[in-house]
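Let's take a walk through this fold together. Keep the viewer open and follow along.

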Amino acid sequence: MHRQYDETLKGAIVELHQGYRRAYGAPRVHQALRQQGLSCSRRRVNRLMRALEIKASTTGLYAWRPGQHAFYSSAGKQLKGSNAPTGCGQQWAGDFTYLKTRTGWLYHAGSLTCSVAEWWVGHSAAAATAN
């Protein structure tokens, strides 16, 4: 009886996981199963997902890189202690990020100077920051 119900749950888990673009992990799959009226615990869903080798697609998106924070924070606050700007182009700020889309990565870069914001989008980091 228990194994039969596991098979029923496995089918529902696979269907849910595919339906949500493989982005749902065990907690959200468990919640969706409960909303469908299927009785199960989160531990059981977790066990069945492991048996099916199903993981959320965001798992492993960001790799742990020891020392990276120290590298990026080593520059400190460059504008701290400097005089307030008296004109345009004396101080500016910029940043970039990337988004995973169905067709690949999309890079987004921007800068701010004199209360004017500029931004660029491209399919490569070089294209997004070329302007």
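Predicted model: local features only at pLDDT ≥ 70, side-chain atom pairs only at ≥ 80, totals over all residues.

Cysteine 40 sits in the loop between helix 2 and helix 3, where helices are DSSP runs of H or I with at least four residues and strands are E runs of at least two, all numbered from the N terminus. With a relative accessibility of 6%, cysteine 40 counts as buried; here buried means under 20% relative accessible area, exposed means over 50%, and partly exposed is whatever falls in between, using a 1.4 Å probe and protein chains only. Setting aside neighbours within four places in sequence, cysteine 40 is in contact with Leu9, His30, Leu33, Arg34 and Val45, contact being heavy atoms within 4.5 Å.

Residues are numbered from 1 along each chain as its sequence is written, and side-chain values use heavy atoms, with hydrogens and water left out.

Zoom out for a moment. The chain has five helices and three strands, and read along the sequence they follow the pattern α-α-α-α-β-β-β-α. Of the 131 residues in the chain, 20% are buried. Among contacts between residues at least 6 apart in sequence, 36% join residues at least 24 apart.

Now back to the helices on either side of that cysteine loop. Two packed helices are described by the angle between their axes and the distance between the axes. For helix 2 (residues 26-35) and helix 3, the axes come within 9 Å and cross at roughly 115°; the axes are lines fitted to C-alpha atoms over the stretch in contact, and angles run from 0 to 180 degrees between N-to-C directions. Helix 2 supplies Ala26, Pro27, Val29, His30 and Leu33 to the contact, and helix 3 supplies Arg42, Val45, Asn46 and Met49. Sorted by class, that makes six nonpolar, two polar and one charged residues, with Ala, Val, Leu, Ile, Met, Phe, Trp, Tyr, Cys and Pro counted as nonpolar, Asp, Glu, Lys and Arg as charged, and the others, Gly among them, as polar.

Which residues of helix 2 are buried? They are Ala26, Val29, His30, Ala32 and Leu33. These cover an arc of only 165° around the axis, which puts them on the same side of helix 2; the arc is that of the directions from the helix axis to the C-beta atoms. The spacing makes sense because an α-helix has 3.6 residues a turn, so residues three or four places apart point the same way. Helix 1 (2-19) and helix 3 are among the elements that cover this buried set of helix 2. After helix 2 comes glycine 37, with a positive phi near 90°.

Just after helix 3, glutamate 53 takes a positive phi of about 55°, although it is not a glycine. Is glutamate 53 buried or exposed? It is exposed, with a relative accessible area of 73%.

Helix 1 has a residue to check too, histidine 17. At 5% relative accessibility, histidine 17 counts as buried. Not counting residues up to four places away in sequence, histidine 17 touches Arg22, Ala23, Tyr24, Ile54, Lys55 and Ala56.

Finish with the strands. Strand 1 (residues 93-101) and strand 2 (residues 104-113) pair in the antiparallel sense over nine bridges, pairing being called when DSSP finds at least two bridges between two strands. The hairpin that joins strand 1 to strand 2 runs through two residues. Phenylalanine 96 has alanine 109 of strand 2 as its bridge partner, and threonine 97 stands opposite histidine 108.
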